[in-house]
Amino acid sequence: MYFPILRLRRLRMKDNFRKMRRETRLSSSNLIYPVFIQDGRGKKVEVSSMPGIYRYTVDKVEEEIEKAMEAGIPAIILFGIPDEKDSQATQAWVEDGIIQRGVRYIKDRYPDLIIITDVCLCEYTNHGHCGIVKDGKILNDETLEIIKKIALSQVEAGADMVAPSGMMDGAVGAIREVLDEYNYEDIPIMAYAAKYASSFYGPFRDAAESAPAFGDRRSYQMDPANIREAMMEIELDIQEGADIVMVKPAMPYLDVIREVRNRFDYPLAAYQVSGEYSMIKAAAKLGWLDEKRAMWEATLAIKRAGADLILTYFAIELSKMIKEGWNEA
Ligand code: PBG
């Protein structure tokens with residue numbers, strides 16, 4: 001059937017037709033909000049490259065959690081910034097580490113909120129790498145031992161789900177093994193499975209003070225040119241026991257999201273990363289983009305590409321827009 005019999009504009013003519021025909025909608029139930037907590041007391045510091053995003057000391061974080069709860073966001077992912085960093089990422093797994101204290105504090109007050117913890121070394125190492133370093137090299141298997149300690153300590157503190165983000169081979173399997181050994185077989189793992197060595201993490205590294213002191217992350221994060229390799233990463237993480245797999249960043253990798261969706265029936269998350277957030281915020285500030293429409297469209301694209309869950313710094317703003325009826329606008 002062709003023009004003039006078929007006219008695609010027919011279903012675009014009226015608001016109610018457009019709504020009826022709409023294929024994708026955003027829901028707050030699928031959003032995960034990243035929250036930064038830092039050591040110390042009484043502080044709330046805006047991240048300079050991420051307007052509207054703050055780092056909180058544990059005693060101040062309630063304000064942000066309240067906002068997320070009010071917005072109807074079911075889950076947060078916590079990142080910690082410790083005062084002390086060392087070569088072994090000790091503050092990532094000690095019982096009174098920033099994340100462990102933060103998880104206990106939040107879980108106590110908001111038992112129904114899903115708390116996901118990021119399992120990585122880079123915020124806790126003095127060199128900023130996601131692994132143990134020896135002679136300028138990032139060691140995989142030595143790092144797994146630390147990763148196990150971090151995940152276990154976070155779950156012991158009350159985390160509902162752990163999310164390894166360091167791109168070490170075997171991390172998911174190592175975490176599954178240690179959690180099962182300690183009877184945490186019901187705690188799911190969300191694997192940062194296809195995580196690219198991306199320039200879009202820049203603002204996050206500001207926020208988390210986690211920029212590598214030497215070199216870059218290309219010996220463990222993926223080459224932006226590759227998609228078949230991403231399918232291998234996803235497959236391996238599923239075999240190792242990942243419950244949710246993730247593609248990160250999101251917008252520059254929509255093809256990867258779509259490909260994973262077509263090939264695997266596992267729950268799929270996508271991380272709309274700091275740079276994706278800051279780009280829109282910056283352009284809007286300059287008056288070059290309509291902020292709300294741009295953030296809506298960017299996030300909708302991630303869902304349309306096939307992501308079930310979206311980690312996004314826009315979560316609270318988007319939830320408000322969802323409530324205001326943007327899905328039906
Ligand atoms: C830690 C980690 C990073 C992000 C999430 N977990 C940074 C990195 O790999 O350098 C990035 C998130 C963002 O940019 O919003 N490994």
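The structure holds 19 salt bridges, a salt bridge being a side-chain nitrogen of Lys or Arg within 4 Å of a carboxyl oxygen of Asp or Glu. Side chains of opposite charge can pair when their charged atoms come close. The model is a predicted one, in which local features need pLDDT of at least 70 and side-chain atom pairs count only at pLDDT 80 or more, while totals for chains, interfaces and linings use all residues. Residues are numbered from 1 along each chain as its sequence is written, and side-chain values use heavy atoms, with hydrogens and water left out.

One of these salt bridges joins the side chains of E23 and R21, at 3.4 Å from N to O. For the description of surroundings, buried means under 20% relative accessible area, exposed over 50%, and partly exposed in between (1.4 Å probe, protein chains only). E23 has a relative accessibility of 70% and therefore counts as exposed, whereas R21, at 43%, counts as partly exposed. A network of salt bridges links D15, R18 and K19.

A further salt bridge is formed by the side chains of E62 and R109, at 3.7 Å from N to O. This pair links distant parts of the chain, since E62 belongs to helix α2 (residues 62–70) and R109 to helix α3 (residues 98–109), 47 residues apart. Helices (H or I, at least four residues) and strands (E, at least two) are DSSP runs, numbered from the N terminus. E62 is partly exposed because its relative accessibility is 28%, and R109 is partly exposed at 38%. R109 also lies over the face of Y105, at 3.5 Å from the ring centre. A charge sits over a ring if NZ of Lys or CZ of Arg is within 6 Å of the ring centre and within 35 degrees of the ring normal. K14 has such a position over the face of F17, at 5.4 Å from the ring centre.

The side chains of K292 and E324 also meet in a salt bridge, at 4.0 Å from N to O. Here again distant parts of the chain are linked: K292 is in helix α10 (residues 291–305), and E324 is in the segment after α11 (315–323), 32 residues apart. K292 is partly exposed, with 38% relative accessibility, while E324 has a relative accessible area of 53% and so is exposed.

The aromatic rings come next. A pair of aromatic rings is described by the distance of the centres and the angle of the planes. Rings of Phe, Tyr and Trp (its six-membered ring) pair if their centres lie within 6.5 Å; planes under 30 degrees apart count as stacked, over 60 as edge-to-face and the rest as tilted. A search of the whole structure finds 11 aromatic pairs. Among them is the tilted pair of Y54 and Y56, with 6.1 Å from centre to centre and 50 degrees between the planes. Y54 is partly exposed at 22% relative accessibility, but Y56 is buried at 1%.

The pair of Y277 and F314 is tilted because the planes of the rings stand at 40 degrees, with the centres 4.8 Å apart. Y277 lies in helix α9 (residues 274–285) and F314 in the loop between β12 (309–312) and α11, so that this pair links distant parts of the chain, 37 residues apart. Both residues count as buried, Y277 at 2% relative accessibility and F314 at 0%. Ring pairs link F36, F79, Y192, F204, Y271, Y277, Y313 and F314 into a cluster.

Two further residues show how parts of the chain meet. T57 is found in strand β3 (residues 54–57) and is buried, with a relative accessible area of 0%. Contact means heavy atoms within 4.5 Å. Not counting residues up to four places away in sequence, T57 touches Q38, D39, G40, R41, G42 and K43. By contrast, T57 and E142 are 31 Å apart in space, C-alpha to C-alpha, and 85 residues apart in sequence.

A71 has its place in the loop between α2 and β4 (75–81) and counts as buried at 6% relative accessibility. Leaving aside its neighbours within four places in sequence, A71 is in contact with S28, I316, S319 and K323. A71 and S28 are 43 residues apart in sequence and 7.9 Å apart in space, C-alpha to C-alpha.
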